[in-house]
Amino acid sequence: MSEPVYSRAPDVVWRLGPDRVLVRRIGGAREHAATDVMGGAALVWLALDERGTRSELILRVSDFDFDADSGISQLLAAEL
């Protein structure tokens, strides 16, 4: 069985701030429309400029000192 491939949701726009990424779902319910992504999850979001498996994403951010697996899990929980 092959690893799942992850990508950013197609119905979101995002902006990079000094310490976070603001992600907004287009047409989403008002209370779930925007999310601040910080820390490791923000680095993983940036690494998703290209689709990739969990292993590929961890490799892309391996130069940074944080728990990449946790960052990926945070993004998956936010369903972005």
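Residues are numbered from 1 along each chain as its sequence is written, and the model being predicted, local features need pLDDT of at least 70, side-chain atom pairs count only at pLDDT 80 or more, and totals for chains, interfaces and linings use all residues. Side-chain values use heavy atoms, with hydrogens and water left out.

Helices (DSSP runs of H or I, at least four residues) and strands (runs of E, at least two residues) are numbered from the N terminus. An open sheet is formed by 3 strands in the order β2-β3-β4, with antiparallel pairing; two strands are taken to pair if DSSP finds at least two bridges between them. The edges of this sheet are held by β2 (12-16) and β4 (34-38), each of which has a single partner strand, so one side of each is left without a neighbour in the sheet. From one strand to the next the twist averages 20 degrees.

Strand β3 (residues 20-25) pairs with β2 in the antiparallel sense over 5 bridges, and the two strands form a hairpin with 3 residues between them. Within this pairing, Val13 stands opposite Arg24 in β3, while Trp14 stands opposite Val23 in β3. On the side of β4, the antiparallel pairing with β3 again extends over 5 bridges, and here Val23 stands opposite Thr35 in β4. In a regular strand the side chains alternate between the two faces of the sheet.

Helix α1 lies across β2, β3 and β4, running at about 100 degrees to β4; axes are lines fitted to C-alpha atoms, for helices over the stretch in contact, and angles run from 0 to 180 degrees between N-to-C directions. The buried residues of α1 are Gly40, Ala41, Ala42, Val44, Trp45 and Ala47, where buried means under 20% relative accessible area, exposed means over 50%, and partly exposed lies in between (1.4 Å probe, protein chains only). The elements that cover these buried residues of α1 include β2, β3, β4, α2 and α3, contact being defined as heavy atoms within 4.5 Å.

Two packed helices are described by the angle between their axes and the distance between the axes. For helix α1 (residues 39-47) and helix α3 (residues 68-78), the axes come within 8 Å and cross at roughly 80 degrees. The two helices α1 and α3 are therefore roughly perpendicular to each other, on a scale in which angles under 35 degrees count as roughly parallel, over 145 as roughly antiparallel, 65 to 115 as roughly perpendicular and the rest as oblique. The contact involves Gly40, Ala41, Val44 and Trp45 from α1, together with Ala68, Gly71, Ile72, Gln74 and Leu75 from α3. By class, the residues of this contact comprise 6 nonpolar, 3 polar and no charged, with Ala, Val, Leu, Ile, Met, Phe, Trp, Tyr, Cys and Pro counted as nonpolar, Asp, Glu, Lys and Arg as charged, and the others, Gly among them, as polar.

In α3, the buried residues are Ala68, Gly71, Ile72 and Leu75. Seen down the axis of α3, these residues fall within an arc of 100 degrees (taken from the directions from the helix axis to the C-beta atoms), so they line one face of the helix. Their cover includes β4, α1 and α2 (54-60).

In the loop between α2 and α3 is found Asp65, which is exposed, with a relative accessible area of 82%. Asp65 and Gly40 are 25 residues apart in sequence and, C-alpha to C-alpha, 9.0 Å apart in space.

Thr53, in strand β5 (residues 52-53), counts as buried at 12% relative accessibility. Neighbours within four places in sequence being left aside, Thr53 is in contact with Glu3, Pro4, Val5 and Tyr6. Pro4 itself is found in the segment before β1 (5-6) and, with such neighbours again left aside, is in contact with Gly52, Thr53 and Arg54. The C-alpha atoms of Pro4 and Arg54, which are 50 residues apart along the chain, are separated by 7.5 Å.
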